[in-house]
Amino acid sequence: MKLFSLDLPIFMPDATLGTVRAVSTDQLKNTNTKMVVVNTYHLYLTLGIENLTKLGGIKKLMNWDGYILSDSGGFQVYSLIHKKSNLGKITQYVVYFKSPVNGSKTLLTPEISIDMQYAIDSDIFIALDDCRYSGVSRRDAETSVNYTIDWARRARDHFDKKNTRPNNKKIFAVIQGGSFKDLRERCARELIEMDFDGYCFGGWPVDDKGILVEDILKLVADLMPVHKPRYAMGVGKPEDIEKCVQLGYNMFDCVIPTRNARHGILYSSNGIVRIKHTKYKLDTNPIDSNCGCETCRNYTRAYVHHLLKNNEILGKTLATIHNLYYYQDLLKKNVKI
Ligand SMILES: [Zn+2]
């Protein structure tokens, strides 16, 4: 399946504030990355609609000629309000929260989220959703589905109203409903009636032990139209991505490859390489002899080990380049599935 000019499946690194941590835009391109995910909520709090519009959007700011997908902000609202800190309030019409940046009272609505994604100049927008934990109670899951459907309609209307000039922007919606089959079905049915360009798995894709919730992922994948992109948000480990490709998903983002890289956990065709381990101190092989990335072509395990052990910035950069290249290679191998 194609999305713009890209073959799916695709892996999109997280560039939360308009940067994939530790790598430059050129280095990012050289990992064969074609699309990144930026965070609407974080950019809203740091740059804001007005400034981002003045700067011409995040693509221009990053000097990025690839594609941008912006999330809706729903996940961050979940983290702030539902999960632990109770820093705000969600109603059917508006979300209030205390800005963690400056403590001011901040508003988020489906319309503001769309305005922000226009300011970002995203290629793919996501309608604001009410995200909950996958083990959510039925009552809370029902509220989340009601809000998500209502907000998706408002987001869709606002997106269409502003999307007048000829452009190629797309909007996706998120299917919520926790582990409740009927709620997931209702959410999917109502969102599909609104004719979004793609659909996302909402809620946590792993349980509290970090294990993929395969049964729910399968249920939701089967509810999504087969001719449109199916995005498993937040998945994940290489083996989980491969499982989700088998279930029908074809878009992925996750902090795992970049975060793990910075901590010295590297992926290879022979399994995980914990590069900070003493056994790599004098190892003059590349991280993965089957990898064509800049790091593996030019540097040894001993060098990356030495840099990361001494907390040198270049160590994080070389490790991130390798993990992203590995992930892009993995997805390329899955293209025909
Ligand atoms: Zn490599």
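**Helix packing and a zinc site**

Helix 6 passes helix 7 in a right-handed crossing. The contact draws on P110, E111, I114, D115 and Y118 from helix 6, and on W151, R154, A155, H158, F159 and K162 from helix 7. This picture, like everything that follows, comes from a predicted model. Two packed helices are described by the angle between their axes and the distance between the axes. For helix 6 (residues 110-120) and helix 7 (residues 138-162), the angle is about 40° and the axes are 8 Å apart.

Of its 11 residues, 9 are buried, so helix 6 is largely enclosed by the rest of the structure. The buried residues are P110, I112, S113, I114, M116, Q117, Y118, A119 and I120.

What comes just after helix 6? The next residue to look at is D121, which takes a positive phi of about 65°. D121 sits in the loop between helix 6 and strand 9 (124-126). Leaving aside residues up to four places away in sequence, D121 touches G56, G57, K59 and K169. D121 and L69 are separated by 52 residues in sequence, and their C-alpha atoms are 9.3 Å apart in space.

Helix 10 (residues 238-247) and helix 14 pack with their axes 11 Å apart, at an angle of about 20°. That angle makes helix 10 roughly parallel to helix 14. The crossing of helix 10 past helix 14 is right-handed. On the helix 10 side, the contact is made by P238, I241 and E242, while helix 14 contributes Y326, Y327, L330 and L331.

Within helix 10, the buried residues are P238, D240, I241, C244, V245 and L247. Their cover includes strand 3 (10-13), helix 9 (214-223), strand 12 (230-233), strand 13 (251-254) and helix 14. Following helix 10 comes G248, with a positive phi near 120°.

Which residues hold the protein donors of the zinc ion? They are C291, C293 and C296, each through SG, and H322 through ND1, at 2.1 to 2.3 Å from the ion. Along the chain, the donors follow the spacing C-x1-C-x2-C-x25-H. C296 belongs to helix 12 (residues 294-298) and H322 to helix 14 (residues 313-333), so this pair ties together parts that are 26 residues apart in sequence. Both C296 and H322 are buried. The site is tetrahedral, with angles of 98 to 119° among its 4 donor atoms.

Just after helix 13, N311 takes a positive phi of about 55°.

Conventions:
Residues are numbered from 1 along each chain as its sequence is written. This is a predicted model: local features need pLDDT of at least 70, side-chain atom pairs count only at pLDDT 80 or more; totals for chains, interfaces and linings use all residues. Side-chain values use heavy atoms; hydrogens and water are left out. Donors are N, O and S atoms within 2.8 Å of the metal (3.2 Å for Na, K and Ca); water is not among the atoms, so sites may look incomplete. Four donors count as tetrahedral if all angles lie between 85 and 135 degrees; four count as square planar and six as octahedral if opposite donors are over 155 degrees apart and all others between 65 and 115; anything else is irregular. Helices (H or I, at least four residues) and strands (E, at least two) are DSSP runs, numbered from the N terminus. Buried means under 20% relative accessible area, exposed over 50%, partly exposed in between (1.4 Å probe, protein chains only). Axes are lines fitted to C-alpha atoms, for helices over the stretch in contact, and angles run from 0 to 180 degrees between N-to-C directions. Angles under 35 degrees count as roughly parallel, over 145 as roughly antiparallel, 65 to 115 as roughly perpendicular and the rest as oblique. A crossing is left-handed if the near helix is turned anticlockwise from the far one by less than a right angle, and right-handed if clockwise. Contact means heavy atoms within 4.5 Å.
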